[in-house]
Amino acid sequence: MSIDALAVRLRAEMTPDQVLTDRQQLRTYECDGLAHYRVVPALVALPHTAAEVAAVVRACAGVGVPFVARGSGTGLSGGALPHAEGVLIVTSQLREVLSLRPADERAVVQPGVINLQVSTVSKEHGYYYAPDPSSQQICSIGGNVAENAGGAHCLKYGFTTNHVTGLEVVTPDGDLVRLGGAAPDTPGYDLLGAFVGSEGTLGVATEVTVRLTRLPETVRTLLAAFHGTDQAGAATSAIIAAGVVPAAIEMMDALSIEAAEAAVHCGYPAGAGAVLIVELDGPSAEVAAQFEEVSRLCDANGAFETRVAADDDERQLIWRGRKSAFAAVGRISPDYIVQDGVIPRTALPEVLRRIDEVASSHGVRVANVFHAGDGNLHPLVLFDAQVAGEEERAETVSGAIIDLCIEYGGSITGEHGVGVEKAHYMPRMFTDTDLDTMQLVRCAFDPGGLANPGKIFPTPRLCGERPGRRTGPHPLQESGVAEIF
Amino acid sequence: MSVLDDLAVKAGDDDVVCGVPARFVAAPASTEEAAALIAAARDLTVVIRGGGTKLQQGPPPRDLDLIIDTRRLAGVVEHAAGDLITVVRAGTPMAELHALPGQQLALDAPPTATAGGAVSANASGPRRLRYGTARDLLIGVTVVRPDGRIARAGGKVVKNVAGYDLGKLYTGAQGTLGLITECVFRLHPVPLATAFVRATAPPTAVARILAAQLAPSAVEINAGPGASPELAVLVEGTEEGVRDRAATLARLLDGEVTDLPPSWWDTPPWPPGGLGLKLTGVLSAVPALVEAVTAAGGTIRGSAATGALHAGFPSGAPTGTPGLVDGLRAAATRAEGHAVVLTAPDGALDGLDMWGPVPGLELMRRVKDQFDPDHRFAPGRFVGGI
């Protein structure tokens, strides 16, 4: 069946304006947040209900057309990059908070609901939704589920996977299936756990039950300025070693501070070679004691200035520099690559030095902004695409940084996902058997390989292969240990 | 000649799983040895045994040739204190992981249980309120697949979204997808101070605890027929913070602050030979679950602030069990949760539906078919006869 025939069928099953095939309209969806990868989809479907999502997937499955789900399109690894011969299923029309259940510490939302909105509607009941990716004002919960989104505060609170208890999903066959629920510990395999973070390769989430977290009694935010990243890294290690688990520990280096300062005038201490933002939250009695400890440890590790947010406005100001850092870097460099590698926290000073060496040797600038508490680096590799050779050099440095993360026992991605961008790095982190084993799950859900093909795995596995069965007598039988099996 | 000859010995009288005797037992000492064993055992049905603390729970295997005992696969491979992680072999006793220097694996499981067993059985206890369950604490896993190939997923860093999270799939899989040989866990600091607050209070008081700003690490209930329900709350933190919070809690519940938990803390509520179930539900339905169990003459115990509880009944006539389970399952369904039978009096298991409805069962069968196409690993021990 051609895409034209599929369009006719989908227009009949939904309404005509929910199916886009006009080239100009399709171009709107050609990329996600990883904007230098662009593919115009063959068709865009804009379902309004879970049943419509299922109908679209069923139609695709029936004719063997691949499909890609997209939420707000803020992903940074190309997870929602369309397929040129495929259907892009946009879930942003499914945007209702279906039920808010503070007494059960749950909310049930559609996938197009914006992350921050869940916290906003929960606030009056004393709750919020803990995972807070930097894009939380625009990213969707469905996208968060696909990518297992993190955020600055996942150091203490965990990731999307720790905060989603139930899903309704459309399987790649087009069936609506429930995984998990509002109650804990659903019997059977934890398919919910496998689905979250599967980057749209196991189906499309159409309803998400999330855990709501009690708003903390107290939040205290401290900004500490150091002469360099070594000292800031040492302070981070000292805080963790002291048994303190802050809600967040973020670090920025001199270049990213310079960019943030130029962009949003956050007023960080002049001359800082690195700043740490440490946030503590919880019961007032606990936070007070821990805050003393954190301040002391920052001082002991060479902080030359510390500031404490006196109120919410000051807290927002401290965070503004950090949260604007990616965009701000655009002011000091026309182009940049964001990496998302993770290293053991204790290796931080050493890895930062080696990143610096690699960058210097290639004549490339790297701004470092990262979640120091959990070792999740976000090096921003700067380049100017208009200057011949710069982009290639930036990519070389970017790849070298990923190799460093693997060398130190870390990961190629902490929260952005593998997508199309890092699929070719997967064999550096995993063996063929590791990847084959992951794809056993894929084969169980999607034997036809239609759900978001080309993402995560550098090479698809053919499903339905069975390991060879042996014939003849068993070794134990042959050797006389056993008579018969 | 083969690894099987080297490692497998004839099973003894104790090598029995839910009444089904095994023919052989093998105890590999490394991932590689386990892989060679499993590759050589490809015509055998297999049950994996760790500390054996939950081995006799659940239904019997349909067939059992070989028990793979993991207790030689023991030891902490790495404890990176500064990174708050540990890499351990699957047969390492939990006692060792509860007491790493200055840190702990905050997963409640019996001291003689093994790390791999606790993960496979998805063990959890009172502190799940604060620290989550095995699925939240396991950050990396090495497994030997039923075809004998070694696979790893996750890694040694807590924050990691590279590839599918197979650790979650193996958590609670009861050994039906292969053998876990190594686990990487995130650790937590040992709290500077702890205190318990105990009170006689109805389950509805739990909502008041959660509404207050006290961040408890555990809220446990214990309720039996004809006695007032008890609550016990664990608070952890700094000396000052714990003192303040415990005092506030004691006022809130009209209870007392103690150093030690009550004797029933983190113990199953069923007597030997009795009927034991796991009951789950949403928080607002916990009082109804408590009522359902106590009205039926049972004891209910567990994490009242997460909705994961256990119910126990003394061994009565096996003929009464199906009706009792049906009633509890109806209550759990109303609570949006599940009633799973863990153990039952002799003779009561035949024909008993141990799980009730399982959402996503068809997909689970397909996962099993992919990982273990010949259904050799713990056949019949899992949901839907998997």
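Modeller: Fine, but keep in mind that this is a predicted model. A pairing to begin with is that of Leu275(B), which stands opposite Phe313(B) in β20(B).

Colleague: Which strand of chain B is joined to β20(B) there, and by how many bridges?

Modeller: That is β18(B), residues 275-280, joined to β20(B) by 6 bridges, and the two run antiparallel.

Colleague: What about β19(B) and β20(B), in which sense do they pair?

Modeller: Antiparallel, over 5 bridges, with β19(B) covering residues 299-303. Ile300(B), for example, stands opposite Ala311(B) in β20(B).

Colleague: How many residues lie between β19(B) and β20(B) in the hairpin?

Modeller: There are 4. Gly307(B) is in that turn and has a positive phi of about 85 degrees.

Colleague: Is β20(B) itself buried or exposed?

Modeller: Buried: 6 of its 6 residues, 308-313, count as such, so the strand is largely enclosed by the rest of the structure.

Colleague: Which residues are on which side?

Modeller: Ala308(B), His310(B) and Gly312(B) are on one side, and Leu309(B), Ala311(B) and Phe313(B) are on the other. Both faces are covered. In a regular strand the side chains alternate between the two faces of the sheet.

Colleague: Moving on to α11(B). How far does it reach, end to end?

Modeller: Helix α11(B) has 14 residues, 321-334, and spans 20 Å from its first C-alpha to its last, close to the 20 Å expected at 1.5 Å a residue.

Colleague: Which of the residues of α11(B) are buried?

Modeller: Thr321(B), Leu324(B), Val325(B), Leu328(B), Arg329(B), Ala331(B) and Ala332(B). Down the helix axis they fall within an arc of 160 degrees, so they line one face of α11(B). As background, an α-helix has 3.6 residues a turn, so residues three or four places apart point the same way.

Colleague: And what do they pack against?

Modeller: The buried residues of α11(B) pack against β18, α10 (286-295), β20 and β21 (339-343) of chain B. After the helix comes Glu336(B), with a positive phi near 65 degrees.

Colleague: Where does Ala103(A) lie?

Modeller: In the loop between β5 (97-101) and β6 (106-109) of chain A. Beyond its sequence neighbours within four places, Ala103(A) is in contact with Ala207(B), Leu283(B) and Ser284(B). Ala103(A) is partly exposed, with 14 other C-beta atoms within 10 Å.

Colleague: Last one, the largest nonpolar core. Which residues have the most contacts inside it?

Modeller: Ile89(A), Ala224(A), Val275(A) and Leu276(A), in a core of 223 residues. Helix α3(A), residues 50-63, supplies the largest share of this core, 8 residues. Another core, of 56 residues, lies apart from it and includes Ala223(B), Ala246(B), Leu277(B) and Ala348(B).

Colleague: What does Leu276(A) touch?

Modeller: Leaving out neighbours within four places in sequence, its contacts include Ala224(A), Ile249(A), Met251(A), Cys298(A) and Ala372(A).

Note on methods:
Residues numbered from 1 in each chain as written. Chains lettered and ligands numbered in written order. Predicted model: local features only at pLDDT ≥ 70, side-chain atom pairs only at ≥ 80, totals over all residues. Buried ≥ 20, exposed ≤ 12 C-beta atoms within 10 Å, placed from the backbone. Pairing = 2+ DSSP bridges. Contact = placed C-beta atoms within 7 Å. Expected span 1.5 Å × (residues − 1). Arc of directions from axis to C-beta. Core = buried A, V, L, I, M, F, W, Y, C linked by C-beta atoms within 7 Å.
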